[in-house]
Amino acid sequence: MRLIKGSAVLLVVLFLAVPAFAQLDLNGTWGARSNQDDMERGPGPDPVDYLGLPLNGEGRARALSFNYSMLSLQEYQCIYWSPFYIVSGPFGLRISSELDPVTANVIDWKIGGWVDRDVTTIWMDGRPHPSASAPHTFGGFTTGVWEGDTLTTYTTHMKASMIRRNGAPVSDRATMTMHISRHGDLLTIRALLEDPVYLSEAYVRSRTWQLDARGNLGNGVSSPCEPISELPRADTAVVIPHYLPGKNPFVNELTEKHNIPVDAVLGGAETMYPEFRKKLTGYVPPAICTRYCGCGNLGVPCIIDGSGIPK
Amino acid sequence: MIPGALLAIILFQATAGKTIAPIDLTGYWVSVITQDWRWRMVTPAKGDYQSIPITLEAKKAGDAWDPAKDEAAGEQCKAYGAPALMAIPTRLHITWEDDNTLRVDTDAGLQTRRFHFGNWEALNSSPTWQGSSVAEWQVPRTAQGTAPKSGALKVMTTNIRSGYLRKNGVPYSAQAKLTEYWDLSTESNADRWITITSSVEDSQYLRQPYITTLQFKKEADGTKWDPTPCSAR
């Protein structure tokens, strides 16, 4: 009886040994674990693959004007992706908090930057968002609040960028909401992007990371970048690489390679929902995978890239 | 005498799953396919294993995929088992079947999952497509005597009949274990979303846990519910 009573007291002591309303600790290095979107996160999406993107007409037109050579222009080489890239990029996360030296309350959480994404600072001290006319930055301005064990954040003041690495655009009027939840050593972020300029509906993506004590993600700050001249046009050209309306040569590529109708390839909100499959009744899968088949590291020849050759 | 805080914990664990539910998952939900579209909305090519950490044995099985053979054997539902079902473009209808059983129906494939709370133990039965699921609420700590108003649902599923992780025959075995965390969140425009963090472990066909996240948006009613049988293609 004494043992039972002692155990009960011990349990209560352990239970009460932490603050009653402590939120989850997000600090640490989180390794990328999601087994989704390998191609988009790795080599990059196919050109003109807007499947499942709620682009409006303006967004689609802007996306179709995109020419990859544009990224070689000095003016574009050092542009970071938008904070939304957290849920579509390939890397792990380094998350840290900054404490108030007097109260020990969390002032902010920082999601460390990558080579191509700026640091996201999540302000937890109740400060307001800047005025609409305040400068926009690559990292945007983010505030956060705990809703139970979920950290909900809201980001404004982002620079215009892309939401898919094939030119699908996001404007500087976009806002992003993230819900960050932790279950054991798994961290999941669901991000919702709203853009009155290029999207007809919110664009939602989610992704999971795993706590990784051996993770080496550098110092968690975005990398410096020095633009250099990569193109012969150098200092004389007056043309920014682009495609005029109706001239994008890649519009039919996904149809030719995967039998997917152009109506789907060009995206739009309706492509996000199950009922869109009724418009795909004529679809027949290709007989065999011929590129990016995802079967590397098995010790047998396999098509792992766009060459179509087993390696 | 048992202290109040401990008693509260004991009572929380012993009370029916419905009674203590910190979040309401019931209603109609639609999957929103913004990720892996080409591998979920349509059946990808044979031999396309992208994103799945398969073993060599899984590749051999996948390379031998034959949907006509599955149809002939009446096994059109092999891609609708618990480890793959939530990734199928579908609508969910979630209801409480009884105080300790949360029921999830899908219109795609006409499947039913049952999440059992409390001290439920699976019958010693043959594996099924949806297996045996044990559920528990995960709630943040609250002040003594205060019921939690947020939380998540953890579901652990075993005893699953072997099937496909993807419609093009990427396999999982009968030893597969599925662990899911169901989170509910509300946007500023009052839209409600379920996010499912899913992890499939299968030492036969997976080199490491197969981890995905899936999202469902709440719908006002079931007017778009569209019952459709399983398809092997």
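In strand β4 of chain B, B:Arg113 is the bridge partner of B:Val104. The model is predicted. Strands β3 (residues 101-106) and β4 (residues 112-116) of chain B pair over five bridges. Their sense is antiparallel.

In chain B, nine strands close into a barrel. The order runs β1-β2-β3-β4-β5-β6-β9-β10-β11. The pairing in this barrel is mixed. From one strand to the next, the twist averages 30 degrees.

Chain B also touches chain A. The contact takes 57 residues from chain A and 54 residues from chain B. On the side of chain B that touches chain A, several elements give two or more residues. Helices among them are α1 (4-14), α2 (37-40) and α3 (56-63) of chain B. The strands include β1 (27-31), β9 (177-186), β10 (192-201) and β11 (210-219) of chain B. The largest share comes from β11(B), with five residues. By residue class, the side of chain B that touches chain A divides into 26 nonpolar, 16 polar and twelve charged residues.

In chain A, helix α3 spans residues 57-64. Its buried residues are A:Gly59, A:Arg62, A:Ala63 and A:Leu64. The charged residue A:Arg62 is therefore listed with the buried ones. The buried residues of α3(A) pack against strand β8 (169-170) of chain A.

Note on methods. Residues numbered from 1 in each chain as written. Chains lettered and ligands numbered in written order. Predicted model: local features only at pLDDT ≥ 70, side-chain atom pairs only at ≥ 80, totals over all residues. Contact = placed C-beta atoms within 7 Å. Helix = DSSP H or I, 4+ residues; strand = E, 2+ residues; numbered from the N terminus. Buried ≥ 20, exposed ≤ 12 C-beta atoms within 10 Å, placed from the backbone. Pairing = 2+ DSSP bridges. Axes fitted to C-alpha atoms, helices over the stretch in contact; angles between N-to-C directions.
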